[in-house]
Amino acid sequence: MLSGQRACLVREIRLQNAMLEKIITAEEISAAVAELCVKANRRLPPDVLRGLEESLAREHNPGAREILGQLLQNAALAGEKDLPLCQDTGLAVFFVELGQEARLRGDLYAAINEGVRRGYGRGFLRKSSCDPFTRENSGDNTPAIIHLELVPGSNLRICFLAKGGGSENMSRVTMLAPAQGWPGIKDFVLGRVRAAGGNPCPPLLIGLGIGGTFERAALLAKKALLRPLDEPNPEPDLREKERELLELVNGLGVGPMGLGGRATCLGLHILKANCHIASLPLAVNIQCHSARHAAVLL
Amino acid sequence: MSRPVKITAPLQGSAGEQIVESLRAGDSVLLSGVIYTARDAAHQRLFRLLRAGEPAPFELRGAVIYYCGPTPAPPGRPIGSAGPTTSYRMDAFAPLLHAHGVKATIGKGPRGQEVRDSLREHRALYFGATGGAGALLAACVQEARVLAFPDLGPEAIHELKVEDFPLLVINDAQGGDLFGLFELGSRP
């Protein structure tokens, strides 16, 4: 082959590759995020809806049955009338997985915040973000809370969680002594659920982050909330611990809205990480029954 | 569940007094009439006004206050989603409002001892509404308008006209406490 022809061929292949290579634009990200915010605030994930239905089927307490019935009616009504499930449409929390080979055009953080601005405006969602001292509302629910993780591949996965304040207020991080172990973890969680009572809108989802450092435990606890209720923990030991502690939590009798009953918790999920030999960090992230989250893959 | 008792807000005069005295913790209620939303920021402002001896933006005597920050009203609706927020954050303000004549508050979750004492002293009620049922509860709101503090956005005081708003008496004026029946820790 002549050198001129070869150069031409190489150029053409490069051009084809560039055309095949996906470029994710800021506009695509903003549009997808706006859609996620609106959708997640109007429809409960199917596993959460099933969890509420199963709770109703198991519950004998008439007051608790009445409340669970109202929550199912509310979910149906929100879907029909395009209304938010709850007036607390949350701070906008994002778990973003960015493929190491993904190509972005524009500022990822700015694009997500723009999506929040659009979604919370267009969807008639409540803006609940304010300065911690002046309490001045930002007016568009930004800035979002964005957790970014690099992963293999070339995709961008964005998971949105509408995190309400009432349940977040009942969450805690504690640093246990290593000797307290699993019994100490169980005691702390049970004490927290009992003290929280009706405040965080049970039936709850509970995310536990065990190990890591102070901040890693908190992040794991929040991430644990995103696992679907019908998806078992992949680690058999953790699966057994989740089952044991869920049983104990539901034995407390807190019940829907704290007014008594069996349905205190729909699911308790654990994520763990290695920790310092001196510590046993534990984070308990409480989520209300309106566990609104949704994800998109770009 | 007991048959719901129909009541009308505001709870003024002898009729209002009679309702307050007759209801008991655990009773189901359907409330119609006019109520006012106020949550954290609006309570701070109300508190400052009353402390300064200035009038509140609405008649407090007989008033029913709803701890709620609704979502914006979409076109063609009086209000968006409008469920209760957690009440304990307003505990510090409740006794002064009771002293100025507020006859009932609506929220979710238990109240502290200072509020339970104040309810008895000032003859008032605390109702629970179902948290996270904001779309369902909004269906009972017929009219809504921002009455005061529009700069607070979702935390502004809204005047709501409601019909058959479903409530549960949590604390009555006789010291009855629905949460107390479950002997759970009442404060977070």
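In chain A, α3 (46-58), α9 (236-250) and β8 (265-273) each supply at least two residues of the lining of the second largest pocket; helices (H or I, at least four residues) and strands (E, at least two) are DSSP runs, numbered from the N terminus. This is a predicted model, in which local features need pLDDT of at least 70 and side-chain atom pairs count only at pLDDT 80 or more, while totals for chains, interfaces and linings use all residues. Residues are numbered from 1 along each chain as its sequence is written, and side-chain values use heavy atoms, with hydrogens and water left out.

Colleague: How many charged residues does the lining of the second largest pocket have?
Modeller: Asp, Glu, Lys and Arg count as charged, Ala, Val, Leu, Ile, Met, Phe, Trp, Tyr, Cys and Pro as nonpolar, and the others, Gly among them, as polar. The lining has 7 nonpolar and 7 polar residues, and its charged residues number 13.

Colleague: How many residues does chain A bring to the contact with chain B?
Modeller: Contact means heavy atoms within 4.5 Å. Chain B gives 42 residues, and chain A gives 39.

Colleague: What is the count of salt bridges between chain B and chain A?
Modeller: A salt bridge needs a side-chain nitrogen of Lys or Arg within 4 Å of a carboxyl oxygen of Asp or Glu. Between chain B and chain A the count is 0.

Colleague: Which element gives the most to the side of chain B that touches chain A?
Modeller: The elements of chain B that give two or more residues to this side are β7 (157-171) and α5 (134-138). The one that gives the most, with 3 residues, is α5(B).

Definitions and conventions
Chains are lettered from A and ligands numbered from 1 in the order in which they are written.
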